Amino acid sequence: MRKDQPWPVALLSAYPADWRARYGDELELLIADLRAGGRAPIPMAFDLLCGAVAAWVRIERRTLMSQRSRNALISVLWSWVAFAAVAAWFGHDLAIYPSALKVAQIDPSHPVVPDAYHVLLAAGAVGVAATAMAAITFAINALGYARRCGRRSTFVLMAVPVVIAGGWLGGLRLLPAGNFTVGNLTLAVGWLLLGVAGIAGSTQAVVTVIRSTEFSERTWRIGGVAAAAVTAVMVVATGATITWGVAERASQVHRGDASGWLIVTAIMAVTTARAVIALIGARREPAGKPVAA
Amino acid sequence: MDFTEPVVLVLTSLADGPKHGYALAKDIEDFAGAKLGPGTLYGALSRLEDRGWIEALPSDDRRRPYRITAAGADCLAKHLKAAQRVATTGLSRLDLRPTI
């Protein structure tokens with residue numbers, strides 16, 4: 001504090017450092033201007049102290065909210081990634097369905113089968129859109145934060161999913177196709193497992209970025225909406241998968257082994273339950289006392 | 001965000017153009033007769049900026065001007081219309097109250 005400044009300026013040190021860094025200079029000038037305009041210093045000092053308390057309370061509340069949002073979002077992210085990987089694999093098998101022939105066979109007596117399939121497709125599209133919306137928002141916020149704070153590790157971590165996806169898909173094209181030899185099959189299974197490890201590694205990289213970045217309230221709100229949307233998608237898609245499997249088996253068209261469908265359904269149900277519990281848990285945790293605006 | 005008095009006063013003041021802190025304090029004093037303290041004024045400004053209802057404009061001076069955003073103007077308009085309905089109802093009921 002300079003000697004020519006009014007003494008209430010000293011009370012700015014009671015404010016949180018981040019708040020001071022953003023508004024300190026402006027507030028210092030305002031105090032000086034108000035004093036020059038004849039404003040009494042004691043009420044001004046009292047007002048500044050109340051403002052400092054409110055700023056601290058807001059930061060505490062934001063930290064608490066941010067931690068709750070962060071944990072819930074990370075749980076939903078892991079659940080969604082596992083769910084989407086299994087659903088995508090299942091969908092890959094379903095890509096031949098509903099063929100015109102199969103629909104003609106099933107539709108008259110079991111119209112629910114193609115309906116459930118279309119519900120799965122629609123749910124998948126909504127899930128991908130919600131994920132893309134959240135990913136773009138969080139990525140922009142995280143890049144901005146990393147640039148401001150000079151965190152090079154964030155740039156590296158954010159490149160991990162892109163590099164892994166590019167490498168894995170590129171390698172996929174090099175795999176030998178058509179020859180079902182033991183060697184080729186081993187290579188394909190190995191590549192598949194490597195893909196699973198890549199998905200896990202990419203998700204962990206994203207989680208590390210989420211844990212180490214200070215996101216804006218707006219970003220958390222968008223993340224919350226996306227988490228709720230993908231959780232709803234998981235609930236709907238799990239229901240549609242169960243309906244699809246039951247109806248198709250009832251149609252007598254498919255008499256094959258049901259264990260694949262049961263495993264897929266079980267994984268979808270468990271990951272969905274985990275996401276729902278994470279969202280409900282985040283809402284039930286005690287929030288800080290609301291700050292009057 | 002709750003519409004407390006400082007928030008409404010700041011948004012109303014910014015509704016006719018960008019202002020910096022001291023200009024806001026003087027304008028609010030002129031149109032509302034309220035002397036907002038510096039802590040109250042900047043508390044409202046920081047909350048409004050977090051919410052995206054106002055934004056800081058670039059400035060060479062340390063006195064940074066703020067302007068209301070489209071979202072802020074929309075929320076202020078809705079709040080003032082609701083307040084106007086309450087005020088109109090209250091005033092008409094007071095007029096209808098029988099005098100003793």
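This is a predicted model: local features need pLDDT of at least 70, side-chain atom pairs count only at pLDDT 80 or more; totals for chains, interfaces and linings use all residues.
Visitor: In which helix is the place of B:Ser46?

Guide: Helices (H or I, at least four residues) and strands (E, at least two) are DSSP runs, numbered from the N terminus. B:Ser46 belongs to helix H3 (residues 38-51) of chain B.

Visitor: Why does B:Ser46 count as partly exposed?

Guide: A residue is buried if 20 or more other C-beta atoms lie within 10 Å of its own, exposed if 12 or fewer, and partly exposed in between, with C-beta atoms placed from the backbone. B:Ser46 counts as partly exposed because it has 19 C-beta neighbours inside 10 Å.

Visitor: How many residues of chain A are in contact with chain B?

Guide: On the chain A side there are 23 residues, in contact with 20 residues of chain B. The elements of chain A that give two or more residues to this side are helix H1 (17-36), helix H2 (41-94) and helix H7 (217-250). H1(A) gives the most, with 10 residues.

Visitor: What does this side of chain A have by class?

Guide: Ala, Val, Leu, Ile, Met, Phe, Trp, Tyr, Cys and Pro count as nonpolar, Asp, Glu, Lys and Arg as charged, and the others, Gly among them, as polar. The side of chain A that touches chain B has 16 nonpolar, one polar and six charged residues.

Visitor: At what angle do helix H5 and helix H6 of chain A pack?

Guide: Axes are lines fitted to C-alpha atoms, for helices over the stretch in contact, and angles run from 0 to 180 degrees between N-to-C directions. Helix H5 (residues 152-174) and helix H6 (residues 182-212) of chain A pack at about 165°, their axes 8 Å apart. H5(A) and H6(A) are therefore roughly antiparallel, the word for angles over 145 degrees.

Visitor: How many helices and strands are in chain A?

Guide: Chain A has eight helices and zero strands. Of its 293 residues, 26% are buried.

How values were computed: Residues are numbered from 1 along each chain as its sequence is written. Chains are lettered from A and ligands numbered from 1 in the order in which they are written. Two residues are in contact if their C-beta atoms, placed from the backbone, lie within 7 Å. Angles under 35 degrees count as roughly parallel, over 145 as roughly antiparallel, 65 to 115 as roughly perpendicular and the rest as oblique.
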